[in-house]
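I opened my notebook to look up a few things in a structure. My notes go below, spot by spot.

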Amino acid sequence: MAESMLPAHVGIIMDGNGRWAKKRLQPRTLGHRAGAQNFRTITRYASKLGIKYLTVYAFSTENWSRPAEEVGALLRLFKDYLEEALRDFMEENIRVRFIGDVSAFPQELRKLIAEVEEASAPKTGMVLNLAMNYGGRAEILRGARAFAADVRAGLCQPEDLTEERFDRYLYTAGQPAPDLIIRPSGEQRVSNFLLWQCAYAEFVYFDILWPDFKPQDLDRALEIYRSRQRRFGGV
């Protein structure tokens, strides 16, 4: 596919790991492991296609309410991925960034996050945003508080706030808004993902659980995206 036909920024809500495991009479943790492996496959494929920005929803602010065993398994998977990224993933020309409040994670995980971001910073290829402990509402509140702090510090006035200026206070500052958001699993909702940024994104839903989502399914989503007429509120 010609690069000009590709969306610059794709978001993926990785959903359905638990149901994937349940269908196989396996623990949910096995589903998360399968989903993590598929994340690696799809990320590398998206980079190969020439997508410039990929944002994946890995762990939401609401996921802390899940059983402690499942949360612990997810955190161990994150640790495994980050260690792999430092060991093997750095061969890929992919810059890894983390969006969300990572301060809530254990110190060991925060240290790995910082190391991966620093090690991949010189990369010139696709930017991979990993949304971890991320929530769209929390991001907007964080941005509003940051702007209010700048007003209090005398750096700007309340009337200076525009949509373009507010973008600078978001985790995705400096990046284009997502053109396409994909949600496997059969669910059709946003689930607090990139609420500000997705205002004019095209959504594509699949009745496929995330561990079964293949590169050819990403191709299909891109074909659907290409068939859409994006008017951005115009005619």
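This is a predicted model: local features need pLDDT of at least 70, side-chain atom pairs count only at pLDDT 80 or more; totals for chains, interfaces and linings use all residues.

I looked up Ser191 and found it partly exposed, because its relative accessible area is 28%. The cut-offs I used are these: buried means under 20% relative accessible area, exposed means over 50%, and partly exposed is in between, with a 1.4 Å probe and protein chains only. Residues are numbered from 1 along each chain as its sequence is written, and side-chain values use heavy atoms, with hydrogens and water left out.

Ser191 sits in the loop between strand E5 (180–183) and strand E6 (202–205). Helices (H or I, at least four residues) and strands (E, at least two) are DSSP runs, numbered from the N terminus. I noted that Ser191 has a positive phi of about 55°, although it is not a glycine.

Then I checked Asn192, in the loop between E5 and E6. Asn192 is not a glycine, yet its phi is positive too, at about 65°. Is Asn192 buried or exposed? Asn192 counts as buried, because its relative accessibility is 14%.

**Cysteines**

How many disulfides does the structure hold? I found zero disulfides, using the rule that a disulfide is a pair of cysteine sulfur atoms within 2.5 Å.

Next I went to the helices. Two packed helices are described by the angle between their axes and the distance between the axes. Axes are lines fitted to C-alpha atoms, for helices over the stretch in contact, and angles run from 0 to 180 degrees between N-to-C directions.

Helix H3 (residues 68–87) packs on helix H4 (residues 107–120) at an angle of about 30°, with the axes 10 Å apart. So H3 and H4 are roughly parallel to each other. For this, angles under 35 degrees count as roughly parallel, over 145 as roughly antiparallel, 65 to 115 as roughly perpendicular and the rest as oblique.

H3 passes H4 in a left-handed crossing. A crossing is left-handed if the near helix is turned anticlockwise from the far one by less than a right angle, and right-handed if clockwise.

On the H3 side, the residues that meet H4 include Leu75, Phe78 and Leu82. On the H4 side, Leu109, Leu112 and Val116 are among them. The residues of this contact divide into 10 nonpolar, no polar and four charged. Contact means heavy atoms within 4.5 Å. Ala, Val, Leu, Ile, Met, Phe, Trp, Tyr, Cys and Pro count as nonpolar, Asp, Glu, Lys and Arg as charged, and the others, Gly among them, as polar.

**H2 against H3**

By class I got six nonpolar, two polar and seven charged residues for the contact of H2 with H3.

I zoomed in on Ala73, which is in helix H3 and counts as buried at 9% relative accessibility. Ala73 and His32 are 41 residues apart in sequence and 8.2 Å apart in space, C-alpha to C-alpha.

**H2 against H7**

How do H2 and H7 cross, and what is the angle? The axes of helix H2 (residues 28–49) and helix H7 (residues 215–227) come within 10 Å and cross at roughly 50°. That makes H2 oblique to H7. The crossing is right-handed. Thr41, Ile42, Tyr45, Ala46 and Leu49 in H2 meet Pro215, Leu218, Asp219 and Leu222 in H7. This contact has seven nonpolar, one polar and one charged residues.

**Two last residues**

I looked up Ile94 in strand E3 (residues 94–99). Ile94 is buried, at 1% relative accessibility. Leaving aside neighbours within four places in sequence, Ile94 is in contact with residues including Thr43, Phe89 and Leu128.

My last stop was Pro176, in the loop between helix H6 (163–167) and E5. Pro176 is partly exposed at 32% relative accessibility. Not counting residues up to four places away in sequence, Pro176 touches Ala8, His9 and Tyr53.
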